[in-house]
Each structure stands twice: as structure tokens, then as C-alpha cells.
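Dear colleague,

I am handing over a structure that will be new to you, and it is shown just below. After it I set out, part by part, what was found in it.

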Amino acid sequence: MKIILDAMGGDNAPLAAVTGAAMAAQAFKEEIILVGDQDTINGILRERRWDGALPGGKLTVVHAPDAVDMHDDPATVLRHKPESSMAVALKMLKKGEGDAVVSAGNTGALLSGATLYGGRIKGIRRAALAPMMPCRGGQVMLVDAGANTECTPEYLLQFAFMGSLYMERMAGLEKPRVGLVNNGTEDTKGDPLRRETYALLKAAGDAGRINFVGNVEGSGVAFGECDVAVCDGFAGNILLKTLEGVAKFMGGEIKQVFLHSLMTKLGYLACKKGMDAFQEQFNQDKVGGAPFLGVARPVIKAHGSSNETAFMNAVRQAIAYTQSGMIEAVQQNIEYMTVGKAE
């Protein structure tokens, strides 16, 4: 297997990307293709003594003289920067020169490029960004988390099916619980988009296609009331950023409580193991990245602030996603996800 890594994308690139790629090549015994400025990448490899083959894995470098900036216009940047590391990586994926792409670069540009070069699965209206979030008892997939700010009921129906298939194949859940994020649990709640989507999801649930558990409030997502939380990208991005912000805020406040006095510091030592486990629940480095569901080729979006561990795990996720048969599963179930005439 060959995983193509955009070595210039992300806040900590290229050092974190190259280091993570070397760690992944050794850990997973696969070839990682680093795309970016050749001199810079090779300099890091020589400095770390990783030039040449690694034990059990392999690193190769493909030159791309340009890079996509976080401030570039997502809709046009790949046309304006055809020699950027992201554009070159996606073109390689299209040509079959690799099995998956991993990038921590501009999310909008990566989505546009993934759709342009990878194409959507036939019948899928929009690709969706689907990160995993911690919740009580485990993790929940949020779909969509920001790729589509304006949605139709059919988009959300497709997000629900793709999220369910992902959790079956990647998380090993039997009949994952699918919830529609709404402002109340009653079936009459929400705006027209939510009410129409509810009817589609209920029909799919009644037919045994998905395990639809009804409307779920934002607090219910955090308390693990569903395994797949379905919403439009506008609401999903707000929910994701709010939960991330609350987690950081609470972590900081708890730390200040324990630093208050000698007695509270001693109390921290007494419960350090539990506190470490609590913090680990919010460690996104373990997750690595989020897939673009609905794209016909595997593309994984790593967090913009990814360190080397996060890049390594994003590669791990790309390997698992490629091997899961997820894309084929969506293709086989597309007839249950469409409403009316395809675009």
C-alpha cells in the first residue's frame, strides 16, 4: 500500500509531517510518499538519519515547489497553485499512484480538491467531513462537521447512511445508533430541514436500513445517546468547536483548582491516574484525522495543528479506511440513499 502525505500542510509542517511519516512507515510497514519541497524534506530526513529505506517501511519524496496557505481561497487555490503539495498529492491519487491521501492543510481546499480529483461516489450529492468526538462511554461520529453549511434532507439522509456504514466497518459496531441533532427530542421539533430529514431517517429506520434513534440534543451527543450524530455542516462545526472549547476550558479550570494550595496539590497526586485518563479522552492526536465520506478515493483530513503522533495516526487511519471496503459499501447501498432524480 502507498499512502500519499501532503508534507507541507498544517501548522507544524513539514517537520511534524515528515517525522510522523517516518514513524508510520516503521510502525505499519507500508510506503509513505512525502509530497513537498524536496530539498526541505530531504534535509529533515538526513538530519534525522531517515534517508533511505526504514526498517519494515519505506519513504519516498515527490517534489512540489508550492504550498497551499490557510488563507488561500479554498475554491480556487488548487487552480492557482497547481504545483502545490496538496494539488500534486491529489493528482497522484487520481492517477492511481497511491491508495490514499493525508493532509493537514486548508480544509476547504482539500475538500474541493478531493471532489475535483477523486470525484464523489456516484449518487452521493455532497461529501461530508466526519470527525470522531469523545462522549460518555466512547466516541461519536459527527457528520457533517463543516463541509456543507447549506444542506437538503437528502444530504442528511446520505450522511446518516455513510456514518452508519463507517461505524460498522471502522469501529466494529453492530447496528450503530444514528441520531439527528436537533433542538429537542420530540419528532415535531426543528425547522423544515430537520423535520423533513426526520421523516426520511425514520422511514429508513423502519425499513431496517439504519438504526435511527430519533432526535438528539447537543447535550445528548456529549452523553453518548448516539454513535452517529447527523447535522448540516453549519450546526456541526459549531457543535464541534463548542465541545472542543468547553473541554479546554474545563481542563484549565480543573488545573487551577489543583494548583490552589499545597493540600489541593496533594489531592491531585491522589487522583492523578484518573485525571490523566480524563485528559486522554480528549487527545485528538490518537484519532489522527477525519475522512471525507462520499469521496470515491480515500482522503483523510488531519487536524491543522497535528504533531508527529497525529500524522502517524492519520496514516494509520488512511490504511484502515482503504482496507475497510467502506467506499464499496456506500456504492452497494446508494439506492437506499437517494430521493428523486440524481443531480
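**Two packed helices**

Helix H6 (residues 153-170) packs against helix H7 (residues 192-206) at an angle of about 45°, and their axes lie 9 Å apart; the axes are lines fitted to C-alpha atoms, for helices over the stretch in contact, and angles run from 0 to 180 degrees between N-to-C directions. Helices (H or I, at least four residues) and strands (E, at least two) are DSSP runs, numbered from the N terminus. This is a predicted model, in which local features need pLDDT of at least 70 and side-chain atom pairs count only at pLDDT 80 or more, while totals for chains, interfaces and linings use all residues. Residues are numbered from 1 along each chain as its sequence is written, and side-chain values use heavy atoms, with hydrogens and water left out.

H6 and H7 are therefore oblique to each other, given that angles under 35 degrees count as roughly parallel, over 145 as roughly antiparallel, 65 to 115 as roughly perpendicular and the rest as oblique. The crossing in which H6 passes H7 is right-handed, a term used if the near helix is turned clockwise from the far one by less than a right angle, with left-handed used if anticlockwise. On the H6 side the contact (heavy atoms within 4.5 Å) is made by Pro 153, Glu 154, Leu 156, Leu 157, Ala 160 and Phe 161, and on the H7 side by Leu 193, Glu 196, Thr 197, Leu 200, Leu 201 and Ala 204. These contact residues divide into 9 nonpolar, 1 polar and 2 charged, where Ala, Val, Leu, Ile, Met, Phe, Trp, Tyr, Cys and Pro count as nonpolar, Asp, Glu, Lys and Arg as charged, and the others, Gly among them, as polar.

**The nonpolar cores**

A nonpolar core is a set of buried Ala, Val, Leu, Ile, Met, Phe, Trp, Tyr and Cys residues joined through side-chain atoms within 4.5 Å, and buried means under 20% relative accessible area, with exposed over 50% and partly exposed in between (1.4 Å probe, protein chains only). The largest such core has 37 residues, and those with the most contacts inside it are Val 143, Phe 159, Val 230 and Leu 293. At least two residues of this core are supplied by each of strand S7 (138-143), H6, strand S8 (177-181), H7, strand S10 (228-230) and helix H13 (326-332), and the largest share, 10 residues, comes from H6.

Which residues does Phe 159 touch, leaving aside its neighbours within four places in sequence? Phe 159 is in contact with Arg 126, Ala 128, Val 143, Asp 144, Asn 148, Cys 151, Val 230 and Cys 231.

**Backbone exceptions**

Most residues other than glycine have a negative phi, and most peptide bonds are trans. In this model the peptide bond from Ala 13 to Pro 14 is cis, with omega near 5°, and Pro 14 sits in the loop between strand S1 (2-6) and helix H1 (15-28). The peptide bond from Val 143 to Asp 144 is also cis, with omega near 20°, and Asp 144 has its place in the loop between S7 and H6.

Lys 29, although not a glycine, has a positive phi of about 60°, and this residue lies in the loop between H1 and strand S2 (31-36). Lys 175, in the loop between H6 and S8, likewise has a positive phi, near 50°, and at 61% relative accessibility Lys 175 counts as exposed.

Val 88 is found in helix H4 (residues 85-94) and is buried, with a relative accessible area of 12%. Although Val 88 and His 63 are 25 residues apart in sequence, their C-alpha atoms are 8.7 Å apart in space. Leu 93 also lies in H4 and, at 2% relative accessibility, counts as buried. Not counting residues up to four places away in sequence, Leu 93 touches Ile 4, Gly 98, Asp 99, Ala 100, Val 101, Arg 297, Pro 298 and Val 299.

With best wishes
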